[in-house]
Amino acid sequence: MELWHIRGGRRLEGSCVVQGSKNASLPILAASILCPLRCELLNVPQLRDVDAALRILRHLGCRAEQHGNSVYIDSTGLSCCSIPHELMEEMRSSVIFMGALIARCGEARLSLPGGCQLGRRPIDLHLAALRQLGANIEENNGEIHCRPSTLRGAEIALPFPSVGATENAILAACAAAGETRILGAAREPEIVALQDCLRSMGAEVGGAGSDTIRISGFRRRKSVSCRMIPDRIAAGTFACAAAAAGGDVLLRGVDPKHFSTVLYFLNQAGCDIISDTRSVRIRSDGRLRGVGELETAPYPGFPTDAQPVLMATLLRAAGRTEITETIFENRYRQVPELRRLGADITVDGNKAVICGVASLRGAALTATDLRGGAAMVVAGLTAEGETVICDDGHITRGYEQFDRRLRALGADIVREY
Ligand code: EPU
């Protein structure tokens, strides 16, 4: 159990290099087994979820090492196509190994994945997409067994642009005979990143970033090197921290297009935002205004992962903000904890209304999930006195050196572990 001690009220000043993307790295780590080759992945954040993916790769018989932000994988020795429950339950992204294993071995045996508890998180769309490609999958009491199958290209129409189902379908389709078209695909930057990495491995895949992705085969290369895109949610979190605490922060190594909706709302709240292609400067006097209505949506809409953090940013903003969460059923788990700081938030179904209060006061909180935990850190930066967040590892699943990066900007934050 870790304790995060935050004394609020300090302005944030300076520059911060934002980490590589967790949600791009995880499917790319799974993709590294698609064919027997050596992979070098650069700008991979050092995170608990990345460790979990590396442990899965080693269990499968691959060599997998991380040195700083570089990961080296050699999947030539892959010798097994099953993943035990204790590795599957570590994170949600373990499910992406299903498509990758089916592509590499034609079969797979695994169980339902873990991950943040954000409500129901079924994998029906993943299974339906893989079955359309010819995978012979049985599901029994949470155990998933894909028997040896021959994959053939297909037209897969996703009823909802699920990020994970799109990733699994792309990976399996790389090994299918003939062309696959995924209609209604997720359009997130992480899907484009997966496509770009697969292309460098030799896959014929195009269309990522639009709602139609085409995959028509694989011409294997000997080795591959790819660099992870910047983490748009971590970037949005630092932008929110600067907005809430007040200050002048330059975020470097980011792609502002990827989190433009977060920047839009911070601007509406009264922050001054200047961006170029690789950096964003946020200036805030810490006196924000409510932003009216905002709704989460699949990319390019406002990201659900940034919702708890933006909520925390607006707790002291003058006026109201009304949030509608449309992606996950239970993504307001941070609310009871934020209320302990004195926040005025009411939740009714998938709507949350924040009425800004004049001040927050520090309290003892418990991190509920990754982004909820980050939201508590942001709120703690603006609260009077000390906030202590008790966390059993949620925050470090997704944020690399979060405390060190915030301290470098002037925050009074200590992580005790
Ligand atoms: N859904 C289904 N059936 C499926 C798949 C999804 O009903 O087979 C539903 C889910 O229950 C959810 C919605 O569709 O209500 C969205 O799920 P999606 O599959 O798009 O999300 P995911 O792949 O499980 C990824 C990110 C999440 C991020 C979501 C949405 C990774 C590792 N995770 O999850 O990131 O919130 O997309 O953008 O890429 C995080 O980083 O904190 C995080 C939760």
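This briefing describes the ligand site, the nonpolar cores and selected helices of the structure above. The model is predicted: local features require pLDDT of at least 70 and side-chain atom pairs count only at pLDDT 80 or more, whereas totals for chains, interfaces and linings use all residues. Residues are numbered from 1 along each chain as its sequence is written, and side-chain values use heavy atoms, with hydrogens and water left out.

**Ligand site**

- Of the 23 residues around the ligand, D124, S162, D305, I327 and R371 come nearest; a residue counts as near if one of its heavy atoms lies within 4 Å of the molecule.
- Polar contacts are pairs of N or O atoms within 3.5 Å. A side-chain N or O atom of S162 is 2.6 Å from a ligand oxygen atom.
- Backbone atoms also take part: a polar backbone atom of L125 is 2.7 Å from an oxygen atom of the ligand, and a backbone N or O atom of I327 lies 2.5 Å from a ligand oxygen atom.
- The protein covers 89% of the 830 Å² of accessible area that the ligand has on its own, by the Shrake-Rupley method with a 1.4 Å probe.

**Nonpolar cores**

- A nonpolar core is a set of buried Ala, Val, Leu, Ile, Met, Phe, Trp, Tyr and Cys residues joined through side-chain atoms within 4.5 Å. Buried means under 20% relative accessible area, exposed over 50%, and partly exposed in between (1.4 Å probe, protein chains only).
- In the largest core, of 81 residues, L29 and L198 touch the most other members.
- Helix α4 (residues 96–105) supplies the largest share of this core, seven residues.
- A second, separate core of 72 residues includes C240, F302, I395 and A411.
- Leaving aside residues up to four places away in sequence, L29 touches L41, V50, A53, L54, L57, V71, I73 and F97, where contact means heavy atoms within 4.5 Å.

**Helices**

- Helices (H or I, at least four residues) and strands (E, at least two) are DSSP runs numbered from the N terminus.
- The 13 residues of α7 (residues 189–201) should span 18 Å at 1.5 Å a residue, and the end C-alpha atoms are 19 Å apart, which agrees; the expected span is 1.5 Å times one less than the number of residues.
- Among the buried residues of α7 are I191, L194 and L198. G202, with a positive phi near 120°, follows α7.
- In α9 (residues 260–268), T261, V262, L263, F265 and L266 are buried. The buried residues of α9 pack against α8, β15, β16, β17 and α10.
- D49 lies in α2 (residues 48–59) and is buried, with a relative accessible area of 3%.

Notes. A polar contact is a pair of N or O atoms within 3.5 Å; within protein, one must be able to donate a hydrogen and the other to accept it, and residues adjacent in sequence count only if both atoms are side-chain atoms.
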